[in-house]
Number of protein chains: 2
Amino acid sequence: MNIGILIFPQVEELDFVGPWELFSLWQRLENGPERCLVVAETLDPVVAAKGLSLNPHASFSTCPPLDVLLVPGGQGTRKEVFNTALVDFIRDQAEGAGAVLSVCTGAFLLHAAGLLEGRRATTHWGSLDRLRALGDVEVVEERTTQDGPIWTSAGVSAGLDLALAFIAERAGEEAAAEVQLAAEYFPSDIVYGTPSRHPKAPAYLRRS
Amino acid sequence: MNIGILIFPQVEELDFVGPWELFSLWQRLENGPERCLVVAETLDPVVAAKGLSLNPHASFSTCPPLDVLLVPGGQGTRKEVFNTALVDFIRDQAEGAGAVLSVCTGAFLLHAAGLLEGRRATTHWGSLDRLRALGDVEVVEERTTQDGPIWTSAGVSAGLDLALAFIAERAGEEAAAEVQLAAEYFPSDIVYGTPSRHPKAPAYLRRS
């Protein structure tokens, strides 16, 4: 199994490094994926939304066929939905992949590639209205959601929960447990302020 | 306020990108830090523990005086504790900094720089015994802990909780709330398997 993580200028850092970390820990397990790689349009350095500079492992032309493609979000998605090379890459890889995942506003890139039509999906709380306005997506306000081969998550840090849920589904609870323990992903339950009272708070947060 | 995040070969990716994301979101707020930068020994690309390749913003010789230094962990710490240039950098910056933070096995680098003697500190659950064996650290099995200007956390993902706790202490609960909301850091409480029964489970996990 090859897992590819797409990056582009102004990609949000944690959106993709969260899943990168967990998928890479999965890779170390017996029966984990063979390869995890970071793919961009070219091999030039990519500067992310908060200024981190990264060197991709593969370009669109050198990337092998992927079994799993993860598309993160970030400010850059506003521009990349119009980048036909990137949208075509997602569409082409999705054809052969068993699963396509998005984190945060990466959902808009999946939509641009025609992958969300009539599907249940979610995104960062601040962009739920914008996803709804596209008209052909069944927007749910969950932390993570799956609809067939398409998995989407809420914003930024939610990619961690998405990746673990995906590992649990693909490789079983024991593999997910090993990855969660290795990453010591037992987050504090401290909530600062009262985000559930925010007028745009997503349903999963209002319920909690 | 300048925040520097140290990286080195085989640094664990999420250890530093978690805090990087949250500190960078803090930076966007009024009265947030002026600069967040990634520092390494030289400006050459740094390959992290799981293969991510990064281009630092500053080298040890070009790095400005830091108000806050965050030291992540990872397999590379086993070697870097013997790297006098890196240990000296930590020690020198710590003298002028108001706070030094470590994530995961970054605690061993703080120790090499003489910053943990007689102090309360923690690390990844798998390395607690090794930290205890150093003999001069008061090891606590908490997710995050503060002892004066020294803040340390448990493994990998715990850097997210550490960074938020630090922002709350420095800038108040309202700033921490804005950052937490922007990063949508309201993690799922799903626990795979029974990690609290692991023979090396840290106290905070056994309690939960």
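User: Which residue of S4(B) does Ser53(A) stand opposite?

Analyst: In this predicted model, Ser53(A) faces Asn55(B) in S4(B).

User: What makes S4 of chain A and S4(B) a strand pair?

Analyst: Pairing takes at least two bridges between the strands. Here three bridges join S4 (residues 53–55) of chain A to S4(B), so the two count as paired. The strands run antiparallel.

User: How do you know that the same surface serves both copies?

Analyst: Check the contact residues: 100% of those of chain B recur in chain A.

User: How many residues are in contact, and what makes them count?

Analyst: The cut-off is C-beta atoms within 7 Å. With that, 45 residues of chain B are in contact with 45 residues of chain A. On the side of chain B that touches chain A, the elements giving two or more residues are H1 (13–27), S4 (53–55), H6 (158–171) and H7 (173–182). H1(B) gives the most, with seven residues.

User: What classes of residue does that side of chain B have?

Analyst: The side of chain B that touches chain A has 25 nonpolar residues, along with 12 polar and eight charged ones.

Technical notes: Residues numbered from 1 in each chain as written. Chains lettered and ligands numbered in written order. Predicted model: local features only at pLDDT ≥ 70, side-chain atom pairs only at ≥ 80, totals over all residues. Contact = placed C-beta atoms within 7 Å. Helix = DSSP H or I, 4+ residues; strand = E, 2+ residues; numbered from the N terminus. Nonpolar A, V, L, I, M, F, W, Y, C, P; charged D, E, K, R; others polar.
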